[in-house]
Amino acid sequence: MATSLVASRLMVRQAACSLDRGDASAPTLAAMAKLHATDACFRIVDQALQLHGGYGYLKDYPVQQYFRDIRVHQILEGEDRLPSLLLSSCQMTSALCNPCFVSVYLVNLQSV
């Protein structure tokens with residue numbers, strides 16, 4: 001759990017530094033950091049909830065609040081999730097970064 005948490009923090013900090021420098025890759029890094037951090041935090045909180053057992057759902061323990069909070073962040077991602085995956089794939093393959101492909105993808109996404 002600690003490794004995933006530290007990795008998420010590093011990704012968010014790298015995206016923030018990139019944004020501060022005004023790098024062109026800042027939006028891509030921010031989208032990837034948000035996607036990774038949200039998913040990693042959900043797994044971490046889910047594991048913590050499992051460790052607490054039935055007590056994890058009681059208001060006496062803060063893990064129940066963490067679980068609700070991270071679930072809200074996953075729900076709020078909504079349509080950001082697919083473009084985030086597209087932006088992430090742009091780092092690996094330049095063919096997907098073609099502006100025509102991206103605009104057609106986004107138009108198709110809106111029609112769903």
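1. Helices (H or I, at least four residues) and strands (E, at least two) are DSSP runs, numbered from the N terminus. In these terms, S8 sits in helix α1, residues 2-21. The model is a predicted one: local features need pLDDT of at least 70, side-chain atom pairs count only at pLDDT 80 or more, and totals for chains, interfaces and linings use all residues. Residues are numbered from 1 along each chain as its sequence is written, and side-chain values use heavy atoms, with hydrogens and water left out.

2. The protein has 5 helices and 0 strands. Read from the N terminus, the order of elements is α-α-α-α-α.

3. Buried means under 20% relative accessible area, exposed over 50%, and partly exposed in between (1.4 Å probe, protein chains only). The protein has 112 residues, of which 27% count as buried. Its accessible surface is about 7800 Å², and carbon and sulfur atoms hold 63% of that; accessible areas come from the Shrake-Rupley method with a 1.4 Å probe, and for residues only the protein chains shown count as cover.

4. Contact means heavy atoms within 4.5 Å. Of the contacts in the protein with a separation of 6 or more, 53% are between residues 24 or more positions apart.

5. S8 has a relative accessible area of 4% and is therefore buried. Leaving aside neighbours within four places in sequence, S8 is in contact with H36, A37 and A40. The side chains of S8 and H36 are also joined by a polar contact of 3.4 Å (a pair of N or O atoms within 3.5 Å; within protein, one must be able to donate a hydrogen and the other to accept it, and residues adjacent in sequence count only if both atoms are side-chain atoms).

6. There is 1 aromatic pair in the structure. The ring centres of F42 and F67 are 5.7 Å apart and the planes are at 40°, so the pair counts as tilted. F42 belongs to helix α2 and F67 to helix α3, 25 residues apart, so the pair links distant parts of the chain. Rings of Phe, Tyr and Trp (its six-membered ring) pair if their centres lie within 6.5 Å; planes under 30 degrees apart count as stacked, over 60 as edge-to-face and the rest as tilted. F42 is partly exposed at 23% relative accessible area, and F67 is partly exposed at 21%.

7. L58 lies in the loop between α2 (26-52) and α3 (63-77). With a relative accessible area of 37%, L58 is partly exposed.
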